[in-house]
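Morning, everyone. Have the model open while I talk.

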Amino acid sequence: MSSPFTRESGAAQLREFFAKYPLANFKTGEVIYRPDDEVYFVYYLEEGYVSQQVVSENGEDFIINVYRPGSYLPISLILQGITNDCTYETLTKVKARKAPVKEVLHFMEKNPDVLKELLVRLASGLNAMASKAEALVFGTASRKIAATLYFNAQRFGKKTDQGIVIDFPLTHKRIAAMTGITRETASIEMAKLKKQGVLTYKGKQVTIFDMGVLYDTCFCQLPKTS
């Protein structure tokens with residue numbers, strides 16, 4: 001079933017709107033917002049990736065979401081009018097346009113196509129998150145890793161002659177932070193998948209050879225990707 005809304009018009013309007021605002025450059029590992037920071041600006045990502053994460057009671061990071069180019073943050077908090085309790089940290093070098101919250105909200109109110117684009121974006125993210133959450137809550141370590149890799153490959157994967165390359169640095173520590181397991185367990189499960197020929201990794205880059213195996217392992221309710 002096709003969506004009654006499309007994103008193209010709204011996405012183009014967003015690019016044009018944010019283009020008139022100053023460009024902010026961030027190095028890898030820089031924090032854009034900390035918990036309880038007042039949110040005065042919206043950042044539109046032109047290049048790079050940003051994580052949204054919280055810290056557990058035992059001091060472990062848990063990554064809730066990763067934003068890619070074309071995203072703007074933290075728009076969901078602004079629309080809800082709630083206090084930020086997350087850290088927004090760059091995973092790579094980032095170039096982002098920085099616009100005042102009031103001006104962004106005024107623009108969105110005057111442009112229904114932008115609101116439609118946001119609605120489709122949020123619905124897509126919610127559906128994917130629901131599928132991933134099932135595996136994270138009820139699954140074994142193997143299922144959690146498979147769900148996390150499948151989810152990220154669908155969102156950030158780039159097809160190459162070698163396989164699907166996840167287009168941001170994905171260390172075992174970061175995979176652990178996405179799944180809620182220890183780094184040691186993440187390394188063990190990644191080694192199993194590598195031995196099975198499902199994927200390979202070198203440094204911070206993960207390449208997926210067989211999305212079907214990941215799908216069958218995590219039972220994600222998402223469209224299969226060949």
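Predicted model: local features only at pLDDT ≥ 70, side-chain atom pairs only at ≥ 80, totals over all residues.

Start with the largest pocket. It holds about 960 Å³ of space. Its lining counts 37 residues. Nearest the centre sit Asn65, Arg121, Gly125, Leu126 and Arg155.

By type, the lining of the largest pocket splits into 20 nonpolar, ten polar and seven charged.

Now the second largest pocket. Its volume is about 480 Å³. The lining has 23 residues, and Glu60, Asp61, Lys173, Arg174 and Ala177 are the closest to the centre. Two or more lining residues come from each of strand S4 (50-55), S5, strand S7 (87-90), helix H6 (172-179) and helix H7 (183-195). H6 gives the most, four residues. The lining of this second largest pocket divides into six nonpolar, ten polar and seven charged.

On to the cores. The largest nonpolar core has 31 residues. Leu149, Phe168 and Leu214 touch the most other members. S5, H5, strand S10 (164-166), H6, H7, strand S12 (205-208) and helix H8 (211-218) each put in at least two residues. H5 supplies the largest share of this core, seven residues.

Stay on Phe168 for a moment. What does Phe168 touch, once residues up to four places away in sequence are set aside? The list is Tyr49, Val66, Leu91, Asn152, Phe156, Arg174, Met178 and Lys204. There is also a second, separate core, with 16 residues. Tyr44, Tyr72, Val101 and Val114 are among them.

Last stop, Thr207. You'll find Thr207 in strand S12. Buried or exposed? The relative accessible area of Thr207 is 9%, and the cut-off for buried is under 20%, so Thr207 counts as buried. Who are the contacts of Thr207, leaving aside neighbours within four places in sequence? They are Gln162, Gly163, Ile164, Val165, Leu199 and Thr200.

That's my tour. Over to the group.

Terms used
Residues numbered from 1 in each chain as written. Heavy atoms only, no water. 1 Å grid on protein atoms, 1.4 Å probe; cavity = no way out; pocket = protein on both sides within 12 Å on 5 of 7 lines; lining within 4 Å. Points joined across faces, edges and corners; volume = space filled by probe spheres on them. Nonpolar A, V, L, I, M, F, W, Y, C, P; charged D, E, K, R; others polar. Core = buried A, V, L, I, M, F, W, Y, C linked by side-chain atoms within 4.5 Å. Buried < 20%, exposed > 50% of the residue type's maximum accessible area, 1.4 Å probe, protein only. Contact = heavy atoms within 4.5 Å.
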